[in-house]
Amino acid sequence: MTLGRDEDKMAGPEPQPTPSIRVLVAKLGLDGHDRGAKVVARILRDAGMEVIYSGLYKTPAQVVDAAIQEDVDVIGVSLLSGSHVPLFGALCKSLRDQQADHVLVVAGGVIPEHDYDALIESGVDAIIPQEAGSELIITAIRDLVAARGRI
Amino acid sequence: MTLYSDAAISEIEKHLAAWEQTELAATLKVRPEEKPEYRTESGIPLKRVYTAADVADIPPGDIGLPGQFPFTRGPYPTMYRGRPWTIRQVAGFGNPESTNQRYKYMIETGQTGLSTDFDLPTLLGLDSDDPMAFGEVGRVGVSVDTIDDVDRLFDGIDLEKISVSLTINPSAWVIYAMFVAVAEKRGYDFAKLTGTLQADPLKEYVAQKEWIYPVRPAVRLMRDLIIYSTKTTPKFNPISLSGYHLSDVGGNAIQEISFTMAFAIAYCEEVIKAGIGIDDFAPRLSFFFISHQDFFEQICKFRAARRVYAKIMAERFGAQKPESMRLRVHVQTAAMSLTKVEHTNNLMRTAIQALGAVLAGCQSMHTNGLDEAFAIPTEEAMKLAIRTQQIIRDETNVTSVVDPLGGSYFVESLTSEMEREIWKVLEEVDRLGGAVKLVEEGWFQQKLADSAYATFKLIDSGEKISVGVNRHVDETSEAAKVEIHPYDENCTDLQIARLKEVRARRDTPRVHALLSELKDQARTEDINLLPKTIELVKARATLGEICAALRDVWGGYDEPNIV
């Protein structure tokens, strides 16, 4: 389901507004905690991004397929099950296998600091801490997309 | 009858009015209040001070006495004087042996009841070698594939002597079958088995989000479990109606209780439709609520819940036995309130929430470990959590008087106010067609998602305070060095090796025959699925096989996409 963007946000001084950032908010594996994912989806939507929510219980391959089909800039995955290391590993590998590693991967949820290195190594582009406010979440995604450039 | 005479109330109101014009007015002039209005977390307006006038309209029968209808003041007449609440810390990780070891440690530390967390594959009815179980085996709870795993889980633990709570949901009926079969093998007296299954499918679809089947078959399985368990294991609670998770996904105190009561009504209607009398099963319905941050609202929530439940059972369902109207509740402190920043503060948060639950009259409690914002609690964190309850129980003398806050103008007034708000929601649910239909339509899900977003915005704007996070922030405090409970990387391999061995040694054609009998039974509406399931687990059918068989009959579940 695509969340409608607030059209008011489009009205700005820029003569040629850049297309809005597209984000797939996804849940991976068997983790049913979707409060955070849904809140983040609304935050990003309210910030003018186009947001697609995957729903629950998706495999890494399903998430990658959806990301390609929806042509998103960013996949944001919220995980609270502790299985982040194997699941993000599989997600990022699948992105590479599908030649889709231009899609940025942002991790959130309950992720202990001592796993940060392992996630970054496996291809995660940014990890959002649990206590993050809306500004940090929005800025992190905008900065990542700006650094990568629009494709 | 009222608590106060009209003359006394009018005297008190006059006194209050005079005070407002004198002392209060003078103080407000020199020191205005910090906020223009004060409210509870769920939005109920709070007065500056409460008087007898605020409780004058409450019928004395609504307050009553402990152990008596409507149980506002507690489910039992003597409460903690007769029996303290059960210290029941939940634990589960890795292979059954690892969890069994933790249980033994916790019993030594003074825990008085057991509680099991299962891993996600077990909860969702998948075997450890299922592709969807990748990375999840033994992660957030213990892994159970066959009856032998349940035997290992409780090895050396006398199940006639200690009560066992099982946090299992869509696959609850299979785990119950394994539990009963193990008890039978060990020669236990079924009448002495005590414990609780969480079960409660409706809250899964709206909150915890663990499901296998569509809503209605899941409710039918719940019905079968309630009917079978109340007859076979009469001291076992086949369900723990869980408001905790409703709060966990964003529900406020009113939503927590009103939605839980709506689900209770739906289950009762389902069991009654099968021809069972309310008094034959209602005494074994149990509850699980959160103890959250708004101290007094939480205490009043428990009191209001007991009163509403008693009235539902007596008035709506015509229950006769007091046990059918008595709400018994397990409590967990609020994991949502814990922070990673300055994580030792979590000890204080948890202690205050635990005290609230005791003042509110809980029957059993899990206090969160201070490291639960990071991962599964370590032994040391669990010990501190148990000690927190022991300090409240043994050092503070709060257990000597039943319902010590009863009669407080504020507490009684807020209890009644919350009761009114809960009834309003229940009337709306009835008007819109009942809980099962509304779960299918996503009505509860939308309310909870809206509430979660509203709460987030309050935190984001700093209006809702989290000490150390958005108030009293210490910029110099570093990320906590917390010892994290290690994940056993070999756990999956061991579970898979055991599955292979079981499948090789059992009579597989017989298992398949039994599975197809189970499917036939599931195609009918009226056959109880428990006896066949017990036969299956004894024949070493795996949890995944049993759950998959019914998925063949009933299909899976597509969640309404609500953000």
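**Exercise 1.** State in which hand helix 1 of chain A passes helix 5 of chain A, and which residues make the contact.

*Solution.* Step 1: the crossing of helix 1 of chain A past helix 5 of chain A is right-handed (the near helix is turned clockwise from the far one by less than a right angle). This is a predicted model, in which local features need pLDDT of at least 70 and side-chain atom pairs count only at pLDDT 80 or more, while totals for chains, interfaces and linings use all residues. Residues are numbered from 1 along each chain as its sequence is written, and chains are lettered from A and ligands numbered from 1 in the order in which they are written.

Step 2: helix 1 contributes Val40(A), Ile43(A) and Leu44(A), and helix 5 contributes Ser134(A), Ile137(A) and Ile138(A) (C-beta atoms, placed from the backbone, within 7 Å).

Step 3: these residues divide into five nonpolar, one polar and no charged.

**Exercise 2.** Describe how strand 3 of chain B pairs with strand 2 of chain B and with strand 4 of chain B.

*Solution.* Step 1: strand 2 (residues 90-91) and strand 3 (residues 114-117) of chain B are parallel and share two bridges (pairing takes at least two DSSP bridges; strands are DSSP E runs of at least two residues, helices H or I runs of at least four). Thr116(B) is the bridge partner of Ala91(B).

Step 2: from strand 2 the chain passes through helix 3 (residues 96-109) of chain B to strand 3, a right-handed β-α-β crossover (clockwise over the helix, with the strands pointing away from the viewer).

Step 3: strand 3 also runs parallel to strand 4 (residues 164-167) of chain B, joined by four bridges. Here Asp117(B) stands opposite Thr167(B).

Definitions and conventions: Contact = placed C-beta atoms within 7 Å. Nonpolar A, V, L, I, M, F, W, Y, C, P; charged D, E, K, R; others polar.
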